[in-house]
Amino acid sequence: MGEVDVAIIGAGAAGLAAAKRLAYQGLSCAVLEAGRRIGGRALTDASRLGVPFDLGCHWLHSGSLNPFAAIAGALGFDLLTRRRRRLLFAGGRFADAATRASWRAHWRRHSQATRLSAHDVAVAAVTARRSRWTALADYYSTCMNGVEPERAATGDDAAYVDTDENWPVAQGYGALIAAWGADVPVRLNTVVTAIDWGGPGVRLATARGTLDAQAAIVTVSTAVLASERLRFRPALPADKTAAIAALPLGTANRIGIAFDRDVFDASMPGYVHVLDASGDGLVCEVRPFGQRIASAYVAGTRASRLEALGEAAMVDHALHHLAGMFGNAIRRRMVAGIASAWQGERWIGGAYAAARPGESGRRAALARPLARRLFFAGEAMHPEFFSTAHGAYLSGVSAADAALAALGAPSARGPT
Ligand SMILES: Cc1cc2nc3c(=O)[nH]c(=O)nc-3n(C[C@H](O)[C@H](O)[C@H](O)COP(=O)(O)OP(=O)(O)OC[C@H]3O[C@@H](n4cnc5c(N)ncnc54)[C@H](O)[C@@H]3O)c2cc1C
């Protein structure tokens with residue numbers, strides 16, 4: 001397969017950002033991607049619901065700090081930056097102001113308890129366990145961390161930077177990342193099976209032959225790293241394997257349902273964010289961008305269980321909640337459903353990395369380069385925007401800059 005300055009494994013947000021940064025500095029690089037498309041966990045389905053539907057990342061979190069906001073503007077993608085109306089469904093009806101205030105106060109206490117915890121412990125250890133809102137707060141926390149509060153680290157909640165600006169993209173976040181990355185030459189359907197970093201450079205083994213490079217940037221998920229389907233020779237040092245084990249991927253999936261008419265309550269017009277507190281809870285969005293669809297988010301063990309049951313069961317789960325809120329008649333108006341299944345994706349294996357309680361400090365060890373020729377990037381490595389597409393992007397830029405410095409090239413400035 002030849003020889004390049006830098007080989008990049010994975011064409012998600014991190015790998016694409018690293019490639020753009022290196023190309024801008026004039027280095028030759030090859031991006032090797034196991035799948036048949038770019039984007040990784042950024043993927044917009046354009047056909048199943050008749051409108052764009054994000055199966056992976058959907059919101060530009062921390063919008064005003066998010067580099068994809070400027071990219072969206074430059075590429076003509078539309079962001080919704082104003083806040084959506086938020087509703088709470090509890091006790092069989094849409095909640096009144098007092099009930100909503102009670103929930104918000106509970107969630108504030110939950111967030112403060114995790115963010116201000118003196119030690120990095122399980123979220124469940126510092127948050128209320130017997131409140132009427134515990135189940136809903138646990139579900140909400142699980143959506144953020146991808147794992148239940150018993151397995152989520154307060155250190156992650158404390159480190160994560162959140163401006164509470166969550167901006168969806170009308171054409172899809174996945175479509176945005178695919179459009180932005182379209183100019184990066186990527187070798188698709190190219191699984192890297194081994195990285196030999198024992199010599200002066202690195203040698204990558206793939207089913208299509210070997211590739212030599214001065215350095216490599218590895219952007220695969222922690223699930224792939226832990227699986228050892230990608231082998232390292234020599235083996236990774238103990239602190240790196242401990243960091244991989246400390247940051248397993250959680251699970252999350254998005255479910256979308258299209259209806260043949262506007263089935264939602266006419267008294268609540270527009271794009272509405274609904275938190276359903278019944279049963280095991282559900283976050284839904286109805287009429288995003290005025291479309292006749294609803295989306296739902298499941299995470300943690302529930303997402304794993306539903307994913308194992310298949311797409312129809314996932315859609316049914318969301319429809320059950322929606323019917324509970326908007327009436328059984330909506331079932332007859334459904335025309336299409338879709339659901340993601342990230343855990344089963346062989347070269348991804350889940351949603352985003354959640355530190356085990358007591359181990360959130362290991363993200364830095366995960367990101368640390370080895371021997372000035374093996375670099376690591378991806379959502380799991382960013383110190384404060386982990387779990388996100390923009391965190392992946394920024395970690396890709398950092399890894400590219402570190403590789404540039406190691407190769408003696410001047411540090412990059414300018415667009416990626
Ligand atoms: C359901 C869901 C909802 C989400 N919602 C949001 C959101 O609203 N906002 C947000 O910012 N983030 C969200 N995220 C997280 C976001 O999508 C990810 O953090 C981000 O896309 C990860 O990018 P990455 O480059 O680190 O990894 P990936 O996108 O996983 O890219 C890694 C690439 O490496 C490839 N690869 C793996 N192994 C090999 C190999 N051996 N050889 C070659 N290639 C290989 C993979 O195929 C993959 O394409 C969500 C994720 C999920 C699953």
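Which residue in β17 is the bridge partner of glycine 256? Serine 295 is the partner, and we will return to that pair once the surroundings are in place. What you see above is a predicted model, in which local features need pLDDT of at least 70 and side-chain atom pairs count only at pLDDT 80 or more, while totals for chains, interfaces and linings use all residues. Residues are numbered from 1 along each chain as its sequence is written.

Let us start with the whole chain. It holds 14 helices and 19 strands; here helices (H or I, at least four residues) and strands (E, at least two) are DSSP runs, numbered from the N terminus. The radius of gyration of the chain is 22 Å, close to the 22 Å that the globule rule gives for 416 residues, so the chain is as compact as a globular protein of that length. That radius is taken over C-alpha atoms, and the globule rule is 2.2 Å times the number of residues to the power 0.38. Along the principal axes, the C-alpha atoms fill a box of roughly 65 × 45 × 40 Å. Of the 416 residues, 50% count as buried. A residue is buried if 20 or more other C-beta atoms lie within 10 Å of its own, exposed if 12 or fewer, and partly exposed in between, with C-beta atoms placed from the backbone.

Strand β1 (residues 2–9) pairs in the parallel sense with strand β12 (residues 209–218) over 7 bridges; two strands pair if DSSP finds at least two bridges between them. Within this pairing, alanine 7 has alanine 216 in β12 as its bridge partner. β1 also pairs with strand β2 (residues 29–32), again in the parallel sense, over 4 bridges, and here isoleucine 9 stands opposite leucine 32. Together with helix α1 (residues 13–24), β1 and β2 make a right-handed β-α-β unit. Right-handed means that, with the strands pointing away from the viewer, the path from the first strand over the helix to the second runs clockwise.

Follow α1 and you meet helix α14 (residues 389–406). Two packed helices are described by the angle between their axes and the distance between the axes. For α1 and α14 the angle is about 40° and the axes are 7 Å apart. These axes are lines fitted to C-alpha atoms, for helices over the stretch in contact, and angles run from 0 to 180 degrees between N-to-C directions. Among the residues that meet here are Ala14, Ala18 and Leu22 in α1, and Ala392, Gly396 and Ala400 in α14; two residues are in contact if their C-beta atoms, placed from the backbone, lie within 7 Å.

In α7, 7 of the 9 residues are buried, among them Tyr173, Leu176 and Trp180.

Next comes the open sheet. Its 7 strands run in the order β7-β6-β15-β16-β17-β14-β18, with mixed pairing. β7 (93–94) and β18 (334–339) stand at the edges, each with a single partner strand, so one side of each is left without a neighbour in the sheet. This is where our opening pair belongs: strand β14 (residues 252–259) and strand β17 (residues 293–299) pair in the antiparallel sense over 7 bridges. Helix α11 (residues 311–326) lies across strands including β14 and β17, running at about 65° to β14.

A few single residues are worth a visit. Histidine 61 sits in the loop between β5 and α2 and is buried, with 24 other C-beta atoms within 10 Å. Its C-alpha atom is 9.7 Å from that of glycine 391, although the two are 330 residues apart along the chain. Valine 224, in helix α8 (residues 222–227), counts as buried because 25 C-beta neighbours lie inside 10 Å.

Most residues other than glycine have a negative phi, and most peptide bonds are trans. Glutamate 228, in the loop between α8 and β13, has a positive phi of about 60°. Alanine 371 has a positive phi too, of about 55°. Finally, a cis peptide bond joins arginine 233 and proline 234, with omega about -5°.
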